[in-house]
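Subject: Model for you to look at

Hi,

Here is the structure I promised to pass on. Please open it next to this email and follow along.

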Amino acid sequence: MAALQHFNPGTVVEWKLERSTKKPKYIFNYVFWAFKPAIDGFSYCRPVISIDGTHVSGKYDIKLLIAVTVDVNGQIFPLAFAICANESQETRTLFLNNLKENIIKQRSRICLISDRHSGILSSVENLPAWQEPYAYHNYCVRHFKANF
């Protein structure tokens, strides 16, 4: 991630580590990143952000969280990414806080689209920056249909 920031000045990377009780080491919990062009480009995009998470298969059981929007040409515009050890209210809250602080900043009346994951619902309910009139939370119709 240090190389990512070095070669892309202005890129934001936020880590959350826990100190291990058994050894003087740290345990990975969460990392968030957003590229500088995405941060700058959001001001030219529609005020609609879709967030979702997926499992990453491989040696470690981790989750990838992503936030995307749509640009003025109707194309998908990736905003931010996070890798976390588990998909919970804590990691979703970190993701939404980092998204607000580093990308959305002072922009208001944002429409947040997500599935009905309990971590997202709890995070949105507990974060004033993601409540009306600053932001509006709606559900993805595809997820709604699949769950119905």
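A polar contact here is a pair of N or O atoms within 3.5 Å; within protein, one must be able to donate a hydrogen and the other to accept it, and residues adjacent in sequence count only if both atoms are side-chain atoms. One such case is in Asn126: a polar atom of its side chain lies 3.0 Å from the backbone oxygen of Ser122.

Two notes on how to read the rest. This is a predicted model, so local features need pLDDT of at least 70, side-chain atom pairs count only at pLDDT 80 or more, and totals for chains, interfaces and linings use all residues. Residues are numbered from 1 along each chain as its sequence is written, and side-chain values use heavy atoms, with hydrogens and water left out.

**Overall fold**

The protein chain has five helices and seven strands. Helices (H or I, at least four residues) and strands (E, at least two) are DSSP runs, numbered from the N terminus. Their order from the N terminus is α-β-β-α-β-β-β-α-β-α-β-α. The radius of gyration is 16 Å, close to the 15 Å that the globule rule gives for 148 residues, so the protein chain is as compact as a globular protein of that length. That radius is taken over C-alpha atoms, and the globule rule is 2.2 Å times the number of residues to the power 0.38. The C-alpha trace spans about 45 × 40 × 30 Å along its principal axes.

Of the 148 residues, 34% count as buried. Buried means under 20% relative accessible area, exposed over 50%, and partly exposed in between (1.4 Å probe, protein chains only). The accessible surface comes to about 9200 Å², and 56% of that belongs to carbon and sulfur atoms. Accessible areas come from the Shrake-Rupley method with a 1.4 Å probe; for residues, only the protein chains shown count as cover. Among contacts (heavy atoms within 4.5 Å) between residues at least 6 apart in sequence, 57% join residues at least 24 apart.

**Salt bridges**

Side chains of opposite charge can pair when their charged atoms come close. The rule for a salt bridge is a side-chain nitrogen of Lys or Arg within 4 Å of a carboxyl oxygen of Asp or Glu. The count comes to three.

- Glu90 pairs with Lys16, with the closest N and O atoms 3.0 Å apart. This pair links distant parts of the chain: Glu90 is in helix α3 and Lys16 in strand β1 (residues 12-19), 74 residues apart. Glu90 is partly exposed at 43%, and Lys16 is partly exposed at 23%.
- Asp40 pairs with Lys36 at 3.1 Å between the closest N and O atoms. Both lie in helix α2 (residues 36-41), four residues apart, about one turn of the helix. Asp40 is partly exposed at 40%; Lys36 is partly exposed at 31%.
- Lys63 pairs with Asp61 at 3.2 Å, N to O. Lys63 is buried at 9%, whereas Asp61 is exposed at 58%.

What surrounds Lys63, leaving out residues up to four places away in sequence? Lys63 touches Thr54, His55, Val56, Ala82, Ile83, Cys84, Asn86 and Glu87. Lys63 lies in strand β4 (residues 62-70).

The buried residues of α3 include Phe95, Leu96, Leu99, Ile103 and Ile104. Lys105 follows α3. Lys105 has a positive phi of about 55° although it is not a glycine. Lys105 sits in the loop between α3 (89-104) and β6 (110-114) and is partly exposed at 43%. Arg109 is in the loop between α3 and β6. Arg109 has a positive phi of about 60° and is exposed at 59%.

**Other spots to check**

Asn126 lies in helix α4 and is exposed at 52%. Apart from neighbours within four places in sequence, Asn126 is in contact with Gln89 and Gln131.

A cis peptide bond joins Glu132 and Pro133, with omega about 5°. Pro133 is in the loop between α4 (118-126) and β7 (135-139).

Met1, Trp15, Leu17 and Tyr26 form a nonpolar patch on the surface, with about 440 Å² of accessible area together. Patches are made of residues with over 30% relative accessible area and no salt bridge; like charges are joined within 9 Å, nonpolar side chains (Val, Leu, Ile, Met, Phe, Trp, Tyr) within 5 Å. Tyr26 is in strand β2 (residues 26-34) and is exposed at 52%.

Best wishes
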